[in-house]
Amino acid sequence: MIQPVVLWSDALLFVLIAAIVALTLWARRQDALRAAWGRVLKDGMAMAAATVLAVFVLIGLLDSLHYRARLPAQPGAEARYAVEVHSALDALLSDLRQRGEKTYSAPLATHLFAREALENSTQREFPRLQHGGAHLGADLSGHEFDIAVRVSRGCAGGLVIWLLLVSAWCRWRGVAVVEMLKVGAGGPAIRPVFLTLLPILLLFGIAIAVGGGYHVFGTDKVGQDVLYLSLKSIRTGLLIGTLTTLVMLPLAVLLGILAGYVGGWVDDLIQYLYTTLSSIPGVLLIAAAVLMMQVIIDTHPEWFATSAERADARLLALCLILGMTSWTGVARLLRGETLKLRELEFVQAAQAFGVGRFAIMRRHILPNLMHIVLIALVMDFSGLVLAEAVLSYVGVGVDPTTISFGTMINTARMELAREPMVWWSLAAAFSFMFALVLAANLFADAVRDAFDPRASA
Amino acid sequence: MLAYIIRRLLYAIPILIGVNLLTFALFFVVNTPDDMARMQLGVKRVTPEAIQKWKAERGYDQPLVWNSAAAGTATVTETIFFSKSVRMFVGDFGRADDGRDIAREIATRMGPSLAIAVPTFVLGLFVAISFALLLVFFRATALDISGVVLCVAMMSISGLFYIIGGQWLVSKVWHLVPISGYSGGVDAAKFLILPVIIGVIGGIGASTRWYRTIFLEEITRDYVRTARAKGLPERVVLFRHVLRNALIPILTGVVVVIPTLFMGSLLTESFFGIPGLGSYTIDAINAQDFAVVRSMVFIGSVLYIVGLLLTDLSYTLADPRVRLQ
């Protein structure tokens, strides 16, 4: 039926997920790590943030299962596939994707945003939307009532699903529902998870119920549903936030430890390298590198079979560039920490036993630096998601055809001068971004508090 | 002291050479000038003559690093590397695509950039430190906790939102100040006040939290306990003792930024239409004016290195125990 397509970024994302799962299984058997993660699990705020993040990650993963649909073909002829690459999320949201309007329309509107000359009329009117509120027919008196009904229906649906989830969980764990929702029960903080899930499910219910008949967040300039664009942007944000760190970590860890442990000219060389790189202002270095990357991509159109592949390559290149420019800070931190560790007794004992240099670095230094690596990883995420929007504004972000918060804001910005203002694209992009970044920041704080030995004081 | 400064300045030279080589590699080796010409001219107008003309206009028609056609020292000087990269050391940045001299452009645009960056920086520093001290004074109370939550929330909002939201609210709804633009003299104030306030608000979350951590770390020290044991009121402990001792970690992060204030702010300047270096850089990036971007990269790193040097020097002022040698 369909032809699966694995873009490079999809593959990397799945490798990343697999690595996280493997690391979780491994960490469960390490006492110190289990204790630290246990502190995170007991932290209500962290668990609530993790729930929000998990929802975002789920949407991002659904959006990473790409395929090309099969075109209706003559019987007997060879199967042919569509040029556009879609994802599982597109399939789920095919209603939203296909019900485009002509141009701007406000959230929940039934008419277009701008007047247009109608065919059999001399006056300029607001034309009816093709899809938004189409089920109402000619009589618009029931517009508000219809929305209210849909909202309450969505709330009811969300509530039912939430109750099902809660009761299923309680039956599985063998606790009473009332018991679970009490404050201060021992073990991992499950209560905040369910309390966070409730509003999320309610919002989902409302979005589905209202989105069936209207454009919840309105439509943009070319009539695309803004809710659909916002959901699609999540994947881009997640990719930039995670893959960038993935790119930079090996480099930062290797060079940081080498500089700190080996010392001598190796240290000088590595220090020179990162001082030089970090002395160039970040945005400018990124801008210069992205400009050059654009030239390469534009002069080699033959490398990419589809436009999706080209956009994907550009996204990956952006992650690579961001990674290359941001490893210096972590490398410096790791070098300093290695310098301290090198003088400790257990390292000197290992040296006295004749353990080789690289074995010491791998077995004694590296495990003691992992908390810094982890903290850097979670702390950088939110900054990178925010940076994407800024870079897209500067014109050195993702490919203009890639849907991202940055491209959404960038296109909506042009319409700010319009009277009355077209505010909904901006509002949607900013609120989704705020939810993602806030959750990431809160989670990162909890992880840092749990893993940083200094913070426990 | 003087010997230290000289040594540090000498140390800066290899770094600047490294930056120079890096930008040269990025702009001329990764992509040949032919590639750049093809991209800028567009698909339709690419002919060998057009490429030659484009390169000749910009002085890119010389060999990269070695001109075998020339004689004597000209084998080195009549090359792209020498004319475009080495000459940046003496302040010759060449011409932008619109034919203007980049060095002069930078000199005239520095004023507006500073007019925005300096007040933002000073005010931001003052507000953030005051807030952090307030939170530390009321530490572990509801005020402290809600303050920290507010900081995290403010950190999580995109900087673009502050600018767009501020412009909309203050200029469009309240009509208090013009939405964008710039003029010289006293008149500039009405154009500058909004960007400065937005800049301060946008940076407040992250910096307040950072200063709060520094103060909290300082407050666990022995000398603080001694001061309290002497019976000093908490107010005096905080302002007289903790604030002064926390200066060292604060200086590390703050002084290094001062020289880069010259570069201006990319976002603020372009949103508010201020003719500074930030908007100059953005316009150059959008127009793919490689010469300007290259110059700004170089200037940026020079200023950063100056910042590092100033940081070291400021330690001696803040902490008499630090001796530079």
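Analyst: Note that this is a predicted model. Ask about any part of it.

User: In what order do the three strands of the open sheet in chain A stand?

Analyst: The strands pair in the antiparallel sense. Four bridges join E1(A) to E2(A), residues 66-69, and two bridges join E2(A) to E3(A). The order is E1-E2-E3.

User: Which strands of chain A stand at the edges, each with a single partner strand?

Analyst: An edge strand has a single partner, so one of its sides is left without a neighbour in the sheet. This applies to two strands of chain A, E1 (2-5) and E3 (86-87).

User: Which residue stands opposite A:Gln3 in E2(A)?

Analyst: E1(A) and E2(A) run antiparallel. A:Ile2 faces A:Ala69 across this pairing. Opposite A:Gln3 stands A:Arg68.

User: Which residue of E3(A) stands opposite A:Tyr67?

Analyst: E2(A) and E3(A) are joined by two bridges in the antiparallel sense. In E3(A), the residue opposite A:Tyr67 is A:His86.

User: How many nonpolar residues are in the contact of H3(A) with H8(A)?

Analyst: The crossing of these two helices is right-handed. H3(A) contributes residues including A:Met47, A:Val52 and A:Ile59, and H8(A) contributes residues including A:Leu197, A:Ile200 and A:Phe204. By class, the contact has no charged residues, three polar ones, and a nonpolar count of ten.

User: Is A:Leu108 buried, partly exposed or exposed?

Analyst: A:Leu108 lies in the loop between helix H5 (94-98) and strand E4 (116-117) of chain A. Its phi is near 65 degrees, a positive value in a residue other than glycine. Buried means under 20% relative accessible area and exposed means over 50%. With 26% relative accessibility, A:Leu108 therefore counts as partly exposed.

User: And B:His175, is it buried or exposed?

Analyst: B:His175 is in the loop between helix H8 (159-173) and helix H9 (188-219) of chain B. Although B:His175 is not a glycine, its phi is positive, at about 55 degrees. The relative accessibility of B:His175 is 62%, so the residue counts as exposed.

Conventions:
Residues are numbered from 1 along each chain as its sequence is written. Chains are lettered from A and ligands numbered from 1 in the order in which they are written. This is a predicted model: local features need pLDDT of at least 70, side-chain atom pairs count only at pLDDT 80 or more; totals for chains, interfaces and linings use all residues. Side-chain values use heavy atoms; hydrogens and water are left out. Two strands pair if DSSP finds at least two bridges between them. Buried means under 20% relative accessible area, exposed over 50%, partly exposed in between (1.4 Å probe, protein chains only). A crossing is left-handed if the near helix is turned anticlockwise from the far one by less than a right angle, and right-handed if clockwise. Contact means heavy atoms within 4.5 Å. Ala, Val, Leu, Ile, Met, Phe, Trp, Tyr, Cys and Pro count as nonpolar, Asp, Glu, Lys and Arg as charged, and the others, Gly among them, as polar.
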